[in-house]
Amino acid sequence: STFSNKNTIKANTTCSYCGVGCGIEVSVDKKGKIELEGIEDHPVSRGMLCSKGRNLNYVVQDQSDRLTYPQMRWSKSHPLQRVDWDTAIDRAAAVFKTFIEKHGPDSVGFYISGQCLTEEYYLVNKLTKGFIGTNNVDTNSRLCMSSAVMGYVKTLGEDSVPIAYEDIEIADTFLIAGANPAWCHPILYRRIEQHKEKNPDTKIIVIDPRVTDSCSHADLHLQLRPGTDITLLQAIGRVLIENGNIDLNFIQNHADGFESYKEEVFQTSIADAAQICAIPETDIRLAAQYIGNAKAFLSMWTMGLNQSTQGVNNNFALINLNLITGQIGKPGAGPFSLTGQPNAMGGREVGGMATLLAAHRNQANPEHRDEVAKFWGVDSMPDKPGLTATQMFDALDSGELKALWIICTNPSVSMPDANLVDRALKKAKFVIVQDISYKSDTVKYADLVLPAAGWLEKEGTMTNSERRISYLPKVVDAPGEALPDNEILMRFARKMGYHGFDFETIQDIYLEHCQLTKGTNIDISGLNYDRLKKEGSVQWPVPSEGHPGTKRLFEDKVFYTPNKKAQILTTGISNQGDMISTDFPLILTTGRIRDQWHTMTRTGKVSKLNKHIAKPYLEIHPADAKKRDIADGSPVIVKNERGEVKVTATLTDKIKQGVVFLPMHWGKILESNFGRANNLTNKAFDPISKQPGFKYSAVEVEKFVKP
Ligand code: SF4
């Protein structure tokens, strides 16, 4: 995938932003100038790139914000000082050893990222669970996909996206729920648009409390009240049953739970559901009619359903629609969870979360623990569940967790209840931040800063939203003394005296991971770097060298559950983390904007991208603004018990009355007027997935008056 002539190096790689996984051809001329374009015959992107991907070369080229040497403070009162790598690794090992000896292995933890490469995830997981002896390794994927993971596990028996992107061009009905792919998964959305343009009879239903760009091709927009997704999805299920638009053969032969589901959905009338969701009853019936008439029904969802204290139940309610209609395991059909980050899927494959083990094994299962322990040549694996994302910061705050190693993520901006996170990081005994940019707001809390190599500067693999694994080559050198994350982790592990971290090449890490998947549902033992370089990306499972990869799962209607049947699940009691009140009567929902990625440490460097929307803002309905005497473009304070945010108001009737919206990207470093949306969000999480409910916080908005 990499070749060069005298003047130019060219390489094929994958975009490092969202989970779509677009193919990029990179060229570097002899002066080091990087250019890029979409790969024409790439199975995902077919030559297309969105605004973020198209500008990635500027991100790599501009090294002005890069961390280029390790820095350390000798005590909390000292400033960070430049040190060499040996000193930095010695200190990390000494601190971790001291805490482990004094307070046990659960006194330390790692908080990592869905942007780490699979090999990096694998090493952190092996190091933490196999050798340090704690399950305290979690990732920002907890904030993103964990409700979808548990939705799939409970209904299909495994964290397995059943579809392939090419199902987009086969589907005749789409349900896009709690997602704005036009901005957040733009190239996938472009494929939907192109399909609809060629096939105008294709039906698109969007469920969202806001009118977004993803509504531009929609036949029906269900603008529901936030938090009422289950009621709406079950009402659609009820109409499907009433109209006889269900697949009895699938239900009888390949699924369990239909009768209980039917009983539950019939408890609420369609008229009541319409009132609860604040949408017309006729629209619920029309949505059911579109789905009921579908030959191939593809449902898609992301943060709007996942980032909820009832996120797993939201997932059940959506997946149930595919199950009762038998719309799974066939071309153009299935429940398709859109992955947020570029390698959230790869991270889960290696078990890089507090609740997982390698190859989707279950941390709570003693047999699974034994299998992995034997493979790694250690006596046992820790049985105590690890701390998940929000629990880690609570444990730092309480002093239970002494040291936290943060890799490739910026929790000071991205975690809910960010003021609490700042306090926890300030109180922590020892914080290591391993990152590429000093513009991460989290760096200021670090006792040890480790400069990492970024995209194009290291090799490894990633898995996109459709289980497609791609190889990313190293094309340019990292600046200064920055090192690939794998190298940093191996140096640390060796300093700790652990065996099993003497990999000569990055491929050796990958091959070990592949071997550990052998015999599991995600078997990729037929893969290696040579194959990925030669054939391009491949969809798992790939259980042998001659195996071509697997486009679509469950075509035989055999599921990964113990009795091989899909589970149609009831949702039970629903619960929002926050309750609106007279003090805080508005529902805040947060989300992304088109041209920024996460906390802007990369996209924020590109002036072209900053032009789209330059400042944080609050979307508010004109009627809600009028009540508060707020004019379009005027400064406002958004507040609740957890904190406040000062931004500019944008009056729009594209948002439902009673709901306000803040983009989630801005932190303190990048925005002097404190547009950090997570000052207001609630850390309360779903009891099964442990994913926090970013999409529903009770707030009040006031006109800002200069003191
Ligand atoms: Fe990158 Fe996602 Fe845009 Fe594709 S759609 S170019 S993967 S950000």
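Hi everyone, let's start at the ligand: the shell around it has nine nonpolar, four polar and one charged residues. For these classes, Ala, Val, Leu, Ile, Met, Phe, Trp, Tyr, Cys and Pro count as nonpolar, Asp, Glu, Lys and Arg as charged, and the others, Gly among them, as polar.

Before going on, a word on the model. It is a predicted one, where local features need pLDDT of at least 70, side-chain atom pairs count only at pLDDT 80 or more, and totals for chains, interfaces and linings use all residues. Residue numbers run from 1 along each chain as its sequence is written.

Back to the ligand. Which residues are the closest to it? They are Cys15, Cys18, Cys22, Cys50 and Gly53, out of 14 residues that surround the ligand. A residue is near a molecule if its C-beta atom, placed from the backbone, lies within 6 Å of it. Helix 1 (51-54) and helix 7 (186-198) each supply at least two residues of this shell. Helices here are DSSP runs (H or I, at least four residues), strands are too (E, at least two), and both are numbered from the N terminus.

Now let's zoom out to the domains. The protein chain is divided into domain 1 (2-61), domain 2 (71-141 + 342-465 + 480-511), domain 3 (146-337) and domain 4 (586-703); the bounds come from an automatic or database domain assignment. Where does the ligand lie? Domain 1 and domain 3 both give residues to its shell, so the ligand lies between them.

Domain 1 also touches domain 2: 13 residues of domain 1 are in contact with nine residues of domain 2. Contact means that the C-beta atoms of two residues, placed from the backbone, lie within 7 Å. On the domain 1 side, strand 2 (8-14) and helix 2 (56-61) each supply at least two residues. That side has eight nonpolar, five polar and no charged residues.

Next, helix packing. Two packed helices are described by the angle between their axes and the distance between the axes. Axes are lines fitted to C-alpha atoms, for helices over the stretch in contact, and angles run from 0 to 180 degrees between N-to-C directions.

Take helix 8 (residues 229-242) and helix 11 (residues 270-277), which pack at about 155° with axes 9 Å apart. That makes helix 8 roughly antiparallel to helix 11. As a guide, angles under 35 degrees count as roughly parallel, over 145 as roughly antiparallel, 65 to 115 as roughly perpendicular and the rest as oblique. Among the residues making this contact are Leu232 and Ala235 of helix 8 and Ala273 and Ile276 of helix 11. The contact residues divide into seven nonpolar, one polar and one charged.

Helix 8 has another partner, helix 14 (residues 311-324), at an angle of about 15° and with axes 9 Å apart. That makes helix 8 roughly parallel to helix 14. This contact includes Leu233 and Gly237 of helix 8, and Ala317 and Leu321 of helix 14. By class, the contact has eight nonpolar, five polar and one charged residues.

Finally, the axes of helix 4 (residues 118-132) and helix 21 (residues 506-516) come within 9 Å and cross at roughly 70°. Helix 4 and helix 21 are therefore roughly perpendicular to each other. Thr118, Glu119, Tyr122 and Leu123 of helix 4 meet Ile506, Ile509, Tyr510 and His513 of helix 21.
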